[in-house]
Amino acid sequence: MFVHGFTDTGKEAWDKFPNLLYKDEELSPLDVCIWIYPSYGGLHDEVHLNVSESLMRYILSFFIVGVLLCAQPAWSDVSYDTASSSTGVSCTSHSHTFASHANLAIIIASLRDGGGPPSSVSSITVAENNATLIAGCAGSSGNARIEMWYHLKHPRGAQTVVVTVGGTIDQMVTGVIFLIGAATSSTFGTCVTSLSSGTNVDVYSISSALGELGVMGLATNAAPTCAPDATAVVSDERYDTANGANIKGCGYTEPGAAGTINIRADLGASNSFAAAGVSVRALRRASGGVILFQ
């Protein structure tokens with residue numbers, strides 16, 4: 001919220017500055033408002049007010065400004081927007097329309113190589129801008145490998161995501177999960193991996209908090225049935241994509257909770273798998289979505 005001075009008016013004091021903030025993608029979860037009250041600069045527009053009316057409006061204005069100044073910071077919840085996926089070999093790309101309110105893209109690369117552990121991803125770009133590997137969110141098990149990358153401040157509209165692998169692999173599935181309200185710094189908690197085999201995928205003890213959102217990426221050798229574990233009633237499967245009969249890539253989200261969360265999936269048949277999970281922290285905002293300048 002913008003508050004003008006005693007010798008000015010709202011429009012004259014702030015001019016185009018509120019519009020500039022409104023267009024800033026990092027501030028997209030926030031509201032931008034201008035508080036206008038009777039002042040010396042605006043008396044020529046309010047000559048009809050008598051002294052008592054003007055005094056009451058001054059008092060009311062000061063009261064509201066005082067309440068806003070004392071408002072405690074709050075956190076907006078991280079929420080899921082959309083997801084998409086594609087398949088490829090050593091390089092894969094696909095287009096996704098980035099919504100104006102989504103501020104974080106998590107790119108999940110599920111890789112498979114029949115000759116042994118797959119090669120690592122060498123780069124990921126979003127609209128030709130480099131993405132970054134989430135610390136600790138990579139690992140291999142048997143012929144499967146998982147990597148989770150991220151990109152903040154992405155452009156809006158239809159954009160191309162390109163994933164390139166540094167060596168030779170057989171197949172790859174790339175998923176992109178878009179989130180709203182993610183923190184723009186210190187975005188992630190500690191990533192946890194599960195690199196094993198069996199019918200149950202368990203990524204346990206992911207550090208989290210209320211308002212955060214857990215995200216898990218999964219790569220499986222072969223292409224079994226992939227579904228949230230029956231006991232994990234709060235998990236949501238966001239994409240489930242096979243590349244032939246040798247690999248499947250899946251992505252899940254789960255609301256954060258105080259302490260830790262566990263994200264689990266059932267494969268339906270025993271296979272080697274690589275999974276990684278991390279909690280996304282929330283963007284700090286003013287209580288009620290108000291920006292206050294005095």
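**Exercise 1. Classify Phe 188 as buried or exposed, then find its aromatic partner.**

Keep in mind as you work that this is a predicted model.

Step 1. Phe 188 has a relative accessibility of 13%. The cut-off for buried is under 20%, so Phe 188 counts as buried.

Step 2. The structure holds one aromatic pair. Its members are Tyr 150 and Phe 188, with 4.9 Å from centre to centre and 65° between the planes. Planes over 60 degrees apart count as edge-to-face, and that is the class of this pair.

Step 3. Now place the two rings. Tyr 150 belongs to strand β10 (residues 144-152), while Phe 188 sits in the loop between β12 (171-180) and β13 (192-208). The pair links distant parts of the chain, 38 residues apart.

**Exercise 2. Find the disulfide and work out which parts of the chain it ties together.**

Step 1. The count comes to one disulfide. It joins Cys 137 to Cys 191, with an S to S distance of 1.9 Å.

Step 2. For its geometry, look at the S-S bond: the angle about it is 105°, and the link of Cys 137 and Cys 191 is right-handed.

**Exercise 3. Describe the largest nonpolar core and the surroundings of Ile 108.**

Step 1. This core has 24 residues. Among those with the most contacts inside it are Leu 104, Ile 108, Met 148 and Val 215.

Step 2. Next, ask which elements build it. Those giving two or more residues are β6 (102-112), β9 (132-141), β10, β12, β14 (213-221) and β18 (259-280).

Step 3. Zoom in on Ile 108. Leaving aside neighbours within four places in sequence, its contacts include Ile 146, Met 148, Val 173, Ile 177, Val 215 and Tyr 239.

Step 4. A second, separate core has 18 residues, including Ala 102, Ile 107, Leu 111 and Val 121.

**Exercise 4. Describe the setting of Thr 220.**

Step 1. Thr 220 is located in strand β14. Its relative accessible area is 0%, so Thr 220 is buried.

Step 2. Follow the side chain of Thr 220: it reaches the backbone oxygen of Ala 222 at 3.2 Å.

Step 3. Beyond neighbours within four places in sequence, Thr 220 is in contact with residues including Ala 144, Asn 246, Leu 267 and Phe 273.

Note on methods. Residues numbered from 1 in each chain as written. Predicted model: local features only at pLDDT ≥ 70, side-chain atom pairs only at ≥ 80, totals over all residues. Heavy atoms only, no water. Phe/Tyr/Trp six-rings, centres within 6.5 Å; stacked < 30°, edge-to-face > 60°. Helix = DSSP H or I, 4+ residues; strand = E, 2+ residues; numbered from the N terminus. Buried < 20%, exposed > 50% of the residue type's maximum accessible area, 1.4 Å probe, protein only. Core = buried A, V, L, I, M, F, W, Y, C linked by side-chain atoms within 4.5 Å. Contact = heavy atoms within 4.5 Å. Polar contact = N/O pair within 3.5 Å; in protein donor to acceptor, adjacent residues only side chain to side chain. Disulfide = S-S within 2.5 Å.
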